[in-house]
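The sequence and the structure come first.

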Amino acid sequence: MSLRFGKQLVVVASSPEAAMGILKTHDHLLSARVVPTSMKQAHLLPHSLMWSECNQTWKTLRTLCRTELFSAKGLEAQSQLRNEKLSQLLDFLRKNQDEVINIEDVVFITLFNTLSSIILGKDLLDFNDAHGTHDGLKESLHKVLELSARVDLGSFYPMLERFDLHGIRSGTMKLSDKLSAYWEDIIEERRVQVNSSAWSSEQAHSFLDRLLENRFSKDQINQLITELFIAGTNTTTSTVIWAMSELVRHQEVMSKIEEELKKEINSHEITSFQLSKLSYLQACIKEVFRLHPPVPLLLPHKAVETCVVMNYTIPKNAKIFVNVWAMGRDSKIWDEPLSFKPERFMDLNLDFKGQVFELIPFGSGRRMCPGLPLGVRSLEFILASLIREFDWALPNDDDPLKLDMNEKFGMALKREMPLKLIFKQKQAYQYA
Ligand code: HEM
């Protein structure tokens, strides 16, 4: 499908064949980005990982993230931190049993603190401080992403762009300043230490230390950190919340996961090796990605050259979306596409790592999400731990089948209504 808005042609691909043409066959020509109005800021854009063309800066940043943050070695080194943040979440739920919890807030705090400990060497949010999320950090991160998706007249008529008619650029600037204020002091304090003559590389314990050792400037660090938080926290939180919503509604699926956990996990802490054996939980996660992909249209791609995909000409500079949300609900691809049936994946050798175009929640090709290993590891840990230790119920004994599953559609796919649950420790845990 293609649409024209002013001078901008928008192409939307909604089939696995078209997705493969765009993200694999012609990946080298269709992997630039249409820079959103929000990012057209001279001091930010050259340092962007998300919005740069596939240029040298982009390659360097991706390589740095892959080796330092998302490699098998990196993930292993982070396991202690991940366990710590997870324990804080479980502790909080133990202490607040029988209370109604907005689970999205506390999962967000857990994921945000995990990432901030890995990146900055510090937690930034506190479970006991209700302002941890309401202070606006969560909303600000979400809003920056949403402003990137916001269309304004300037994107269709470039002569109007400099007027910032809808205030998108100025709004993003204010948000970026607000966000960087959260970590500015940490960066500067650390910069003094890394630049001191007493510093040795063995002291480096966070991603920030590596950036400072490599002489990254303030703007470079701010932009990269902001993008990692934006890309990494809301997506993973949203997937956990959709998974929990589906599990609340499907008690039979929940019971099967509980059985699997009893069989495969026999230690206090869950290990990565044990997680790799949870094939039914993994099938559930695939089913959640199919029905609720957190980035429903991927991030917009741009054609650097005119090319032909499935006999359809995509002109140079066209903006391209891949509609993974529609593909996940297409009855030509899936039986009973609107039913939540993890079993469909049990006998299918199908993963979401970008090779099978029916299921590409992380995209595919050179722009594919670099954070996949960290995102999936976090998802599995959180879900397995919450299911193993707690029974979950809706407030007021509400009927799970009536749980509101409406979506709020945007660059990120969220629940329209927050998911509120009551947690009760399972009997086996009560005296442990
Ligand atoms: C459930 C978890 C996640 C999902 C479903 C997800 C999905 C995606 C998708 C669909 C894209 C765009 C791909 C494209 O445009 O073709 C993307 C890009 C990106 N993601 Fe993720 N993501 C997740 C977690 C993470 C995490 C944990 C991080 C890092 C901490 C991260 C960092 C990024 C970055 C930096 C990009 C931009 C890459 C580029 O433009 O080259 N993501 N993600």
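L298 lies in the loop between α14 (279-291) and β5 (301-302), where helices (H or I, at least four residues) and strands (E, at least two) are DSSP runs, numbered from the N terminus. The model is a predicted one, in which local features need pLDDT of at least 70 and side-chain atom pairs count only at pLDDT 80 or more, while totals for chains, interfaces and linings use all residues. Residues are numbered from 1 along each chain as its sequence is written.

The phi angle of L298 is near 55°, a positive value in a residue other than glycine. L298 counts as buried because 26 other C-beta atoms lie within 10 Å; a residue is buried if 20 or more other C-beta atoms lie within 10 Å of its own, exposed if 12 or fewer, and partly exposed in between, with C-beta atoms placed from the backbone. A positive phi of about 55° also occurs at N396, which is not a glycine, and N396 belongs to the loop between β9 (390-393) and β10 (407-408). N396, however, is exposed, because it has 9 C-beta neighbours inside 10 Å.

Helix α14 contains V288, which is buried, with 27 other C-beta atoms within 10 Å. Leaving aside residues up to four places away in sequence, V288 touches T239, W242, A243 and E246, a contact meaning that the C-beta atoms of two residues, placed from the backbone, lie within 7 Å.

A243 leads on to the nonpolar core. The largest such core has 103 residues, and those with the most contacts inside it are A19, I22, A243 and L383; a nonpolar core is a set of buried Ala, Val, Leu, Ile, Met, Phe, Trp, Tyr and Cys residues joined through C-beta atoms within 7 Å. Its largest share, 13 residues, comes from α11. I22 touches A13, L30, H301, V309, I320 and V322, again not counting residues up to four places away in sequence.

L383 is one of the buried residues of α16, which also include L374, G375, F381 and I387. The 18 residues of α16 should span 26 Å at 1.5 Å a residue, and its end C-alpha atoms are 26 Å apart, which agrees; the expected span is 1.5 Å times one less than the number of residues.

Which residues are closest to the ligand? They are G232, G363, C369, G371 and G375, out of 25 residues that surround the ligand, each counted as near if its C-beta atom, placed from the backbone, lies within 6 Å. The elements that give two or more residues to this shell are α11 (218-249) and α16 (372-389), and the largest share, 7 residues, comes from α11. By class the shell has 15 nonpolar, 7 polar and 3 charged residues, where Ala, Val, Leu, Ile, Met, Phe, Trp, Tyr, Cys and Pro count as nonpolar, Asp, Glu, Lys and Arg as charged, and the others, Gly among them, as polar.

The protein as a whole has 17 helices and 12 strands, and buried residues make up 39% of its 432 residues. Among contacts between residues at least 6 apart in sequence, 72% join residues at least 24 apart. Along its principal axes the C-alpha trace spans about 65 × 65 × 40 Å.
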